[in-house]
Each structure stands twice: as structure tokens, then as C-alpha cells.
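Please read them with the structure open.

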Amino acid sequence: MASPGPSSPPPGRSGRRRPPAASNTAGVLPTDVLFDVLLRLPAKELCRLRAVCRSWRSLTSDTLFIGAHAARHSDPLFLANFRDDEAHIHVVDLSGNVVKVIPNPDGHQLLTTRLDLTCAVTVSNSCRVLDPATGRVRVLPESPAPEHADRENVRKPYTSFALGWIGATGEYKVLRMFSRPILTGFHQCHLFEVFTISCTSGSCSSHAQWRVRPSHEEFFEPGSAIVVGEVVYFKVDTVCDAMICGGVNPGIPLDLIYSFDLEREEWRGILQGPIYDIFQTDEYDDDLDDYRSLWSEITLADLSGSLALVHYRKYQHVMDLWLLKDFDNGIWVKEYMIQIEPIFPTTEWCVKALFMLDDGRIVIHFPKSGLLFIYDPRTDTSAQVEMRHLDALAMYTGNLLSLQVGDMV
């Protein structure tokens, strides 16, 4: 006798047949209802649910769904290098929850960016452009542009990088800077090269290579680079700071700012910062003895698309946030003066990263302690974010619902 098939359940012990199985469509929600239900879930859960079936994966990967989900779930996400885990980059929310973990071989450190892609680098000439949603990594070539192959700067390279997005073309560009030799290079300039990533998700042509860009005659600090829009900004060189600490006047204001236009790939004019000219006013009079520490107290930041100069006056327990309003005329406005509360670490000399959220709150990362704080100017209060100590932080403006690689946790 033929064995019973799937449509004919075998008889039970009582000899009676089991009830027929429900049809495949029973209990299946209509697509529009499922759309609304899944839209309520956070990205972390949706990425897990994609494994349930092909139809759910297709729905949650659709651009219409991704856009609607982003509009509904607007809370910011950040990328973090935790001090106790160099082997991974963590996607975190502002409650300190880890949403996703991405491999980070060789302990590359995140640049302070506010983009859909991010960049993790080392000072020994290694640069990786990462898409946090897909997990795709573009490892940029270490070899210099042919014109720089015989330069002393590249033999034992000490490198800095900056990543920016060009709105007109949709391209990403990486600026690489080879610092001049430490002991013998005061007569030499830093070397500059640009690499273009022209396709989506971090891919690019196999023929792409670094291109030489003009050097700048002045001394400035490549490691201080911050990208705002399509422009890279730099502080003056640490050599100027060392000269002042040694009692020598370099003749250069310590809040001078240099800038490089990534879209045009050319240098712009030198920008005078807002502090030097007012250092002897009543407000700053008590700080004259601290002028020698000015360089270390200043950080450049991208504050919602505007260049910000952050002056952390440690001994006065004040943080001044100056915003650039007019580049051509050098007009700055002190937008915020934050009276540091007791919860802020008094051992810090400066701020490492600073971001503004859509609701006006300001995220502040201190480098020495690795602590993260959120300041609310509406209430003039600050709160520490409970998470592991940070070495580097970047703001993620993309969407994790793109098809991904990496572990959701």
C-alpha cells in the first residue's frame, strides 16, 4: 500500500485521521497591513526579520519602505571606536545601545565624519572607506601617486586623511596628507593627494588612483582636519604651539584656519579665527596667561553644516562655540557659551568631536576620558551617555536597512 502523502495525514492512534492542514495563505497579512506593522519596528529588528522569508526581505529592502522607515525613525545613530575593542566598529544609538557590530581589522580609527559612508584609517598610510549598512569596505591603495614616489615623505609615511561628499556629482573624495619628515623636513611641505570614489556603496573603478594636488606653503596640522560640506579645514601646525610654549613668537595667530576645497581640489584663502583679536578684551583678560595653551584648547567641528570653532576654556569651566557666518569677510558669531557642569571631566584639555542633533542638542566627546555627553541649550543642562569609553566617534546619516554585512546585536 502506498504511504500517505503530505495531503493525507497518517491516522492517529485512535484510527481517526487528523484535520487537514491550513492552506498556505491562512494567517498571512495583506501587504499594506504588513507594511504598516513592520514600519513600527526599529532597523535592528527588521534586519533580523528579513531571514523569515523572501517576501519580508523584499518588502523591507524596497526603497519606498526604507524612506518611510527613515522618516518615522529619525533618532540619530553613531559609529564608535570603543577603547576596549579595537577589532570592531560599533553602530550605537544615543542611549548607549549597540545596534550593529562591524569588523575593524588592525584597529583602524574612525574619522570624525557626518555622512552615509565613513572612513577608518591609521597613521601608517592605511585607509578604508566603509558603508555601515552593507558592510562593504573599499581598501584604498597605499602606493603614492607616481609624482610622489621618490619623495622622502612617503618612505616612512605618517599620514592623515579626510573624507567628504560632493553634492553636485554624488562622489566621495578622500584627501590624503603625507606629513613632512619630523626631524629633517622643516624646509619641505606636506604632500597632498585626492582619491575619488564615484560609485555607490563604496565601490569604484579598478583604474582609480591617487592624484597629486598642490601643497600649501604654510605650516598647518594635517591631523586636525574636519570636513564641513565640501571643504576641509585645518588648524595651524603644532610647531607654532611648541614655539609659543618655548617662549618664541611664531608670528602666527594660533586660531588661524586653512582650508581646501574638495570639489575644486584647490586651496582657499586663509581664515582668521575669532579668538586672537579679542584675547585682550575684558572677557578674556583673565586668560592671558593661558594663551600658550590656546592651540590645544581649540577644536574644529561640523555643527549641522557650519564650521564651528570650539574653545574649551578649562580653567574658567567654559566652552565657547563659535560659528562661521561669512567666510569671505571672516565673520564669526559666538552661538553658545556652555558653563561646564561638575559632571564634565576636569582633566580634559579639549573636545575631540562635537555634533548637533536635529532638535538642537549638542553631542560632545572628550578624548582623554573617552566620555560622551549631551548638552541641551534649551535647558542649559548636560547628561552623560552611558556607554563604554570612546576613542573616536562619527555620526551616521545613512540607513541601516540597506542589504547588509555584519552582525546585528
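1. S95 is exposed, with a relative accessible area of 54%. Exposed means over 50%, buried under 20%, and partly exposed in between (1.4 Å probe, protein chains only). S95 sits in the loop between strand 2 (88-93) and strand 3 (98-103). Strands are DSSP runs of E, at least two residues long, numbered from the N terminus.

2. The model is predicted: local features need pLDDT of at least 70, side-chain atom pairs count only at pLDDT 80 or more, and totals for chains, interfaces and linings use all residues. Residues are numbered from 1 along each chain as its sequence is written, and side-chain values use heavy atoms, with hydrogens and water left out.

3. What does S95 touch? Leaving aside residues up to four places away in sequence, S95 touches V385 and E386; contact means heavy atoms within 4.5 Å. The C-alpha atoms of S95 and Q384 are 9.9 Å apart, with 289 residues separating them along the chain.

4. Strand 23 (residues 372-376) and strand 24 (residues 381-384) run antiparallel, joined by 4 bridges. Pairing requires at least two DSSP bridges between the strands. I374 stands opposite A383 in strand 24. The two strands form a hairpin with 4 residues between them, and D380 in the turn has a positive phi of about 55°.
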